[in-house]
Amino acid sequence: RRVHGGTVLYYRLTGTYSASCIFNCKLNCSTMNIMPRISLIKSNLRNTTRLSRFYSSNTDPYDVIVIGSGPGGYVAAIKAAQLGMRTACIEKERTLGGTCLNVGCIPSKALLHNSAIYHNAATGDLAKRGVKFDNLQLDLETMMKQKETAVKTLTGGIEYLLKQNKVDRMSGHGSIISQTEVKVTDNSGNAQTLQTRNIIIATGSESSPFPGGGIAIDETAIISSTGALSLPKVPETMVLIGAGVIGVELGSVWSRLGTKVTAVEFLGHIGGEGIDMEISKNFHKILQKQGMKFMLNSRVESASKSVDGVSVNITESGGISKELHCEVLLVCVGRRPYTHGLGLDSVGVQLDSQGRIVVNPRFQTTVPHIYAIGDCVAGPMLAHKAEDEGIVCVEGIAGGPVHIDYDCVPSVIYTHPEVAWVGKSEEQLKEQGIAYKVGKFPIAANSRAKTIDDADGLVKVLACKETDKLLGCHIICAGAGELINEAALAMEYGASCEDIARVCHAHPTFSEALREANISAYFGKSINF
């Protein structure tokens, strides 16, 4: 390595890698611990006769090949290129961005936002604010076009970023031949083999089929989350199999546009795994008030199509059988890792019982120089989790430390109001035997919420009973997905509830509710409730 101006650049020496880093040490005043922060920034250093830049010439093998261009894959590829590695990114689809940008996070959020605007107009919410009009109409085609524009803009942005960072984009299906070879097969069947020193698998996930395969998805009457993003008309009725994150988000979209939505959930709560039960119960009440119906502790047995729609056979709690009829059945029972067709068996990459790639803390698989990140490994299937893993995985390949605190990875449900959480739920703390205290603050007592007449929800924080350290934060309110990041930052730095409570928050903002909940946790009482 050569160090200059507080930065470090990596070099290749006689065919082997020498990688190191310098640490910018920051003193944490509350704990008096030294917290290393790694600097991995390129600088322009003069060439020497003995060393060459870390990235190779076009005739040499790649330093890193990334299979998949979703949030984890494209971020990993860009980071590798920024660290001076010769990098390629393989994508089998026509556009970059993976599920998230094409048929997941981005299009769903466009529909959630625009359907909320229509719902506010159709239900009289705008009228009570002084915005009145006649002959309100829904133009679903235009709404879908706006969604497609957002997708096209962002996927095109990734294309631009890869070019700007000199990442070679390879179109086709990537499969691993050996720990140093990847075959790329295009849509015409033409194949080429690329040489590389390291491989990162970032192939993401796909919609899980109905257990047992008894319900076939045709994307017309029986649809997956992908089909739910592009229905040609608003159905009269819709049944959801699953009331997790995907179910309640997409159910909200069509409910707002006029569909009668019923969600059938095997569990006894909505919102999926990880959500705090008190938050889930409040969330359930809010969505019911908005018009969605729920059948909890219920199991879908089968479904059949007819000219009149879809018949869904259900077993409710207590073994009671029931049949529902709907125009559209949405199957949203989760997602599964996309690992087939990658040649993993042939090179000895091990999978776990759920089909996820087994990795160590540095994201190395059971085969040297082959790594995996994102939805195809254990952990929450979240785009931002995959991005972080992509960055630290590449830094690890370059010789840096690798660490992610998964307790500090937030989750968000983008309904209205939004639901967001980070860290432990109250149920998890009880299960782990951790002594804790609770601080709460209702959004109805928040001045910003009252000002804009959007006061559903609450903020709930969980702290260590002995040390006051923040262990979890759970929020329902407009903009909870933005607000949760303050709690995530606080947890990453080991903040106490008092630390957050003593930070001045702007008035009037929803963030004051987070502060008040922390005041309640550390002092026992909030100020404004």
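What is the order of the strands in the open sheet of three strands, and is the pairing antiparallel or parallel? This tour of a predicted model begins there.

**First stop: the three-stranded sheet**

Select β11, β12 and β13. These strands form an open sheet in the order β11-β12-β13, and the pairing is antiparallel. At the edges stand β11 (173-178) and β13 (191-195); each has a single partner strand, so one side of each is left without a neighbour in the sheet. From one strand to the next, the twist averages 30°. Select next residues 181-185, which make up β12; five bridges join this strand to β13. Within this pair, V182 stands opposite L194 in β13. In a regular strand, side chains alternate between the two faces of the sheet.

Select residues 309-315, strand β21. Six of its seven residues are buried, so the strand is largely enclosed by the rest of the structure.

T315 stands opposite S321 in β22. The hairpin of β21 and β22 has five residues between its strands, and in the turn G318 has a positive phi of about 90°.

Select residues 277-289, helix α7. At 1.5 Å a residue, its 13 residues should span 18 Å, and the end C-alpha atoms are 18 Å apart, which agrees. At the N-terminal end, D276 caps the helix: one of its side-chain oxygens lies 3.1 Å from the backbone nitrogen of E278. Just after α7, G291 takes a positive phi of about 120°.

Which residues of α7 are buried? They are I279, S280, F283, H284, I286 and L287. An α-helix has 3.6 residues a turn, so residues three or four places apart point the same way. To see what covers the buried residues of α7, display elements including α6 (245-256), β19 (293-295) and β30 (470-477).

**Last stop: P61**

Select P61, which is in the loop between β7 (52-53) and β8 (64-67). P61 is partly exposed, with a relative accessible area of 29%. Finally, select T87 as well: P61 and T87 are 26 residues apart in sequence, and their C-alpha atoms are 9.5 Å apart in space.

Terms used
Residues numbered from 1 in each chain as written. Predicted model: local features only at pLDDT ≥ 70, side-chain atom pairs only at ≥ 80, totals over all residues. Heavy atoms only, no water. Helix = DSSP H or I, 4+ residues; strand = E, 2+ residues; numbered from the N terminus. Expected span 1.5 Å × (residues − 1). Buried < 20%, exposed > 50% of the residue type's maximum accessible area, 1.4 Å probe, protein only. Contact = heavy atoms within 4.5 Å. Polar contact = N/O pair within 3.5 Å; in protein donor to acceptor, adjacent residues only side chain to side chain. Pairing = 2+ DSSP bridges. Axes fitted to C-alpha atoms, helices over the stretch in contact; angles between N-to-C directions.
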